[in-house]
Amino acid sequence: MESIRVFIVEDDPMVASINKRFTEKVAPFQVIRTSTTEEDALIQIEGLNPDLVLLDIFLPGGSGLSLLKQIRHKSLPTDIILITAAKDAPTIYQTLRYGAVDYIIKPFDLERLQHALRNYAKLRQLMHKNLELTQADLDKLNGSGNNDNSSLPKGVHLLTLDQIISFLLRQNKALSCEQLASALSMSKITIWRYLEYLCDEGKVKVELEYGTVGRPTKLYRITQKP
């Protein structure tokens, strides 16, 4: 899969480093550069043409909202996800009006960012097919219709669930929670929560692998297509 090039605009170098590490845990995202100011960020974005910008609102000598407006005014071919502590309704509304594909409020956890990135990757995949999209395609992206999260328990997101199920369907043997977490670049806690949900739904079964000492290892295998 072709890499998705990411540019991070964040005034705190430590936060920028954390966001970079979180982002690159999700394939095929690659952080190509970071910037701390509006002016420098605009110059670099114009030169680098990143696919995606992770953008903070509060910047020294400027603002992320102003940068977003300039990116749109110049018709630069990049998408925007806001990652910021700004949570007032007018700011959020303006960023959405200017085409931000997601808005993440600090502090956030790794799973929320991964969810946003996977959603964006799926959007790019659909948009680059050069085919007509169905209503089902769009509903699956925006969480509408029969494929939304309304029937899912709290903390279980449709896109993450789809990714785990799709991966399990490609396996010819049962895998442990640790193996799945490593393969999908997710935390063991996250994987365990989704596996428990899938077991409760009867879509995954548990097999026990006994070693010479200690408790048996739980292995998980898909039982049916979703």
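These legends go with several close-up views of one predicted model.

Residue numbers start from 1 along each chain as its sequence is written, and side-chain values rest on heavy atoms, with hydrogens and water left out. Local features need a pLDDT of at least 70 and side-chain atom pairs count only at pLDDT 80 or more, while totals for chains, interfaces and linings use all residues.

View 1. Helices (H or I, at least four residues) and strands (E, at least two) are DSSP runs, numbered from the N terminus. Of the 226 residues, 41% count as buried, where buried means under 20% relative accessible area, exposed over 50%, and partly exposed in between (1.4 Å probe, protein chains only). Take the contacts (heavy atoms within 4.5 Å) with a separation of 6 or more: 58% of them come from residues 24 or more positions apart. The accessible surface is about 12600 Å², and carbon and sulfur atoms own 50% of that. Areas come from the Shrake-Rupley method with a 1.4 Å probe; for residues, only the protein chains shown count as cover.

**View 2. Here is the open sheet, five strands in the order E2-E1-E3-E6-E7 with parallel pairing.** Strand E2 (29-35) and strand E7 (102-105) take the edges with a single partner strand each, so one side of each has no neighbour in the sheet. From one strand to the next, the twist averages 20°. Strands pair if DSSP finds at least two bridges between them; E6 (residues 79-84) and E7 run parallel and are joined by four bridges. Look for Leu82, whose bridge partner in E7 is Tyr103. Helix H3 (residues 64-73) lies across E1 (4-9), E3 (52-55) and E6, running at about 180° to E6. Axes are lines fitted to C-alpha atoms, for helices over the stretch in contact, and angles run from 0 to 180 degrees between N-to-C directions.

**View 3. Asp51 and Arg124 form a salt bridge, one of eight in the whole structure.** A salt bridge here is a side-chain nitrogen of Lys or Arg within 4 Å of a carboxyl oxygen of Asp or Glu. In this pair, the closest N and O atoms are 3.8 Å apart. Asp51 sits in the loop between helix H2 (38-48) and E3, and Arg124 in helix H5 (residues 110-127), 73 residues apart. Asp51 counts as buried at 16% relative accessibility, and Arg124 counts as buried at 17%.

**View 4. Glu10, Asp56 and Lys106 are linked in a network of salt bridges.** Asp56 and Lys106 meet at 3.5 Å, N to O. Asp56 lies in the loop between E3 and strand E4 (58-59) and Lys106 in the loop between E7 and H5, so the pair ties together parts 50 residues apart in sequence. Asp56 is buried, at 2% relative accessibility.

**View 5. Asp102 and Arg112 make a salt bridge at 2.9 Å, N to O.** With Asp102 in strand E7 and Arg112 in helix H5, the pair ties together parts ten residues apart in sequence. Asp102 is buried at 15% relative accessible area, whereas Arg112, at 26%, is partly exposed.

**View 6. Val206, Leu208 and Tyr210 form a nonpolar surface patch.** Patch residues have over 30% relative accessible area and no salt bridge; like charges are joined within 9 Å, nonpolar side chains (Val, Leu, Ile, Met, Phe, Trp, Tyr) within 5 Å. Tyr210 sits in the loop between strand E9 (204-209) and strand E10 (217-222), and Tyr210 is exposed at 62% relative accessible area.
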